[in-house]
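Please keep the sequence and the coordinates open while reading.

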Amino acid sequence: MKLTQETTQVIVYSKRFAESQGGRMISTEPVLAAIAAVDCPAKAILERNGVTMESICEMISADDMAIEAPVNDYEIEESLRILRLETKRLFNDAADMSRRVGMQGVIAPEHLLFILANSRAMTANALLTRAGADIGGIIDDLSNEFSNSGARGEIGGNYSEAGPELNAPGKSPRKEKGKK
């Protein structure tokens, strides 16, 4: 799995939001706040459907100023190591979604938001509901984004400069059964 530059920012901002809450692991709620903070189509979709970074941060008691510092390379690797199981599942599902829309597993914030909006089992989905978001509107807007962008092979981000692999440093990706 590869990440767009915007998704790399989402991961680092998620870590910072989680830390501002006193947490040591990244759950899906800080990921949602981070998506709403990063300049990308997913942020615009959230705003059109009634959700802002400030409203999410207020609901999860996170400091919305936590994202002010520039992103450092060490933060990216560190952030990838502290994902909760639910958040790892989010990224795996987003990679699958990316493949389905023709992005070869490159994860954009729009893929993450689509999974969050569609998965009632994820805690960030309940947060969207509490925030009064138009979840149907979010899903429709994202579907339109995928269908409009899919033919061009891009969604908002610069994929030629995608971020790091989603595997921890020094670890190889899992091999599929029956393949070497």
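Is Asn 125 buried or exposed? Asn 125 is buried, with a relative accessible area of 5%; buried means under 20% relative accessible area, exposed means over 50%, and partly exposed lies in between, computed with a 1.4 Å probe on protein chains only. This residue sits in helix α8, where helices (H or I, at least four residues) and strands (E, at least two) are DSSP runs numbered from the N terminus. Not counting residues up to four places away in sequence, Asn 125 touches Leu 116, Ala 117, Asn 118, Ser 119, Arg 120 and Ile 135. A contact here means heavy atoms within 4.5 Å.

The model is predicted, so local features need pLDDT of at least 70 and side-chain atom pairs count only at pLDDT 80 or more, while totals for chains, interfaces and linings use all residues. Residues are numbered from 1 along each chain as its sequence is written, and side-chain values use heavy atoms, with hydrogens and water left out. The pLDDT, which is the predictor's confidence in each residue from 0 to 100, averages 85 over the protein chain, and 82% of the residues score at least 70. Over residues 156-180 the pLDDT is below 50, and this stretch has 40 contacts in the model beyond near neighbours in sequence. Where pLDDT is low, the predicted coordinates should not be read in detail.

The protein chain has 9 helices and 2 strands. Along the sequence they follow the pattern β-α-α-α-α-α-α-β-α-α-α. Of the 180 residues in the protein chain, 49% are buried. Among contacts in the protein chain with a separation of 6 or more, 72% are between residues 24 or more positions apart.

Phe 17 is found in helix α1 and counts as buried, at 0% relative accessibility. Leaving aside neighbours within four places in sequence, its contacts include Pro 30, Ala 33, Met 53, Cys 57 and Ile 67. Phe 17 and Ile 67 are 50 residues apart in sequence and 7.7 Å apart in space, C-alpha to C-alpha. Glu 6 is also placed in helix α1 and is buried, with a relative accessible area of 13%. From Glu 6 to Glu 110 the separation is 104 residues in sequence and 9.9 Å in space, C-alpha to C-alpha.

The helix contacts come next. Two packed helices are described by the angle between their axes and the distance between the axes. Axes are lines fitted to C-alpha atoms, for helices over the stretch in contact, and angles run from 0 to 180 degrees between N-to-C directions. Angles under 35 degrees count as roughly parallel, over 145 as roughly antiparallel, 65 to 115 as roughly perpendicular and the rest as oblique.

The axes of helix α2 (residues 28-35) and helix α4 (residues 53-60) come within 8 Å and cross at roughly 160°, which makes α2 roughly antiparallel to α4. Glu 29, Pro 30, Leu 32 and Ala 33 in α2 meet Met 53, Ile 56, Cys 57 and Ile 60 in α4. By class, this contact of α2 with α4 has 7 nonpolar, no polar and 1 charged residues. In this classification Ala, Val, Leu, Ile, Met, Phe, Trp, Tyr, Cys and Pro count as nonpolar, Asp, Glu, Lys and Arg as charged, and the others, Gly among them, as polar.

Helix α2 also packs against α8, at an angle of about 55° with the axes 7 Å apart, and α2 and α8 are therefore oblique to each other. Thr 28, Glu 29 and Leu 32 of α2 make the contact with Thr 123, Ala 124, Leu 127 and Leu 128 of α8. The residues of this contact divide into 4 nonpolar, 2 polar and 1 charged.

Helix α8 (residues 123-130) has a further partner in helix α7 (residues 109-118): their axes come within 7 Å and cross at roughly 80°. α7 and α8 are therefore roughly perpendicular to each other. Asn 125 returns here, as Leu 116, Ala 117 and Asn 118 in α7 meet Ala 124, Asn 125 and Leu 128 in α8. The contact of α7 with α8 has 4 nonpolar, 2 polar and no charged residues.
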